[in-house]
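Please look over the sequence and the structure shown here before reading on. The text then goes through strands, rings, a surface patch and backbone angles.

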Amino acid sequence: GKTLLAIEQAKRMAAKGKKVLLLCYNSFLAKKIESEVVRIAYQNSITVDTVHGFFYENIGKGNFVEEFKVAIEGKEPKEVFNLLYPSYFVKSLVSNNLTKFDCLVIDEGQDFLVETIIQALDLSLKNGFENGQWYVFYDSNNQGELYHNFDNILMMKLKKFGAGEYYLDVNCRNTKPIAVQTAVVSGFPMADALIQRGEKVRYMWYDDLEHQKKQIEL
């Protein structure tokens, strides 16, 4: 439900005349969100992108693309995404005085809540994180281990700016059978499921990637 809330919040801020930046980590999710935003009346007020796509676009506006490409050659992914992207973004931002957004909405924040990235985004938000308007939707438990980019100390710092906290402790999307099997396979605790009844979960096994594709096509 985090993504639905993130989109709804972006819509509400845009309806108030605010220029909104809505970011996530995954490119497929960004395309999904963008397709939802395109259908609403305030689409021109909402910019949807991946955080690194947003960084790269602005690196280009600062004419640092070629220098950036040289800098990332042979570097480890962690250094590229968590250090070089944000540092070159800041370099471009400072040199070009790019327009800041009235509101920042971050979806699946656990994927990129690291200090270097948040410090860079701070410069793109009017009044920054300390006094600006921002919303972060995240799962520090079950999904926080996916990219290992969730910094709990950083989150505590953000909370000290006076952010309100709301917990989604009921699974409104999946049926109880799905929630149970997901917990069994992942080893994570199961949240209460709103929908108690549903079809029995069916496992589909595959031998290799080609077999997997055929299973998905069924």
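The paragraphs below go through these topics in turn.

This is a predicted model, in which local features need pLDDT of at least 70 and side-chain atom pairs count only at pLDDT 80 or more, while totals for chains, interfaces and linings use all residues. Residues are numbered from 1 along each chain as its sequence is written, and side-chain values use heavy atoms, with hydrogens and water left out.

Begin with the strands. Helices (H or I, at least four residues) and strands (E, at least two) are DSSP runs, numbered from the N terminus. Strand β3 (residues 103-106) and β4 run parallel and are joined by four bridges; strands pair if DSSP finds at least two bridges between them. I106 has V136 in β4 as its bridge partner. V136 also belongs, with W134, to the covered face of β4 (residues 133-136), whereas Q133 and Y135 make up the uncovered face.

Next come the aromatic rings. The structure holds eleven aromatic pairs. Rings of Phe, Tyr and Trp (its six-membered ring) pair if their centres lie within 6.5 Å; planes under 30 degrees apart count as stacked, over 60 as edge-to-face and the rest as tilted. F55 and F89 form a tilted pair, 4.6 Å centre to centre with 35° between the planes. This pair links distant parts of the chain, as F55 lies in helix α3 (residues 51-61) and F89 in helix α5 (residues 77-96), 34 residues apart. Both F55 and F89 are buried; buried means under 20% relative accessible area, exposed over 50%, and partly exposed in between (1.4 Å probe, protein chains only). Y203 and W205 are a stacked pair, because their ring centres are 5.6 Å apart and their planes are at 10°.

Y203 and W205 also belong to a nonpolar surface patch of about 630 Å², together with V180, V184, V185 and M190. W205 counts as exposed because its relative accessibility is 67%.

Last, consider the backbone angle phi. Most residues other than glycine have a negative phi. N63, not a glycine, has a positive phi of about 60°, and its place is in the loop between α3 and α4 (65-72). E108, in the loop between β3 and α6 (115-122), has a positive phi of about 50°. N63 is exposed, at 69% relative accessible area, whereas E108 is buried, at 12%.

Technical notes:
Patch = residues over 30% accessible without salt bridge, like charges linked within 9 Å, V, L, I, M, F, W, Y side chains within 5 Å. Areas by Shrake-Rupley, 256 points an atom, 1.4 Å probe, with all protein chains shown as cover. Salt bridge = Lys/Arg side-chain N within 4 Å of Asp/Glu carboxyl O.
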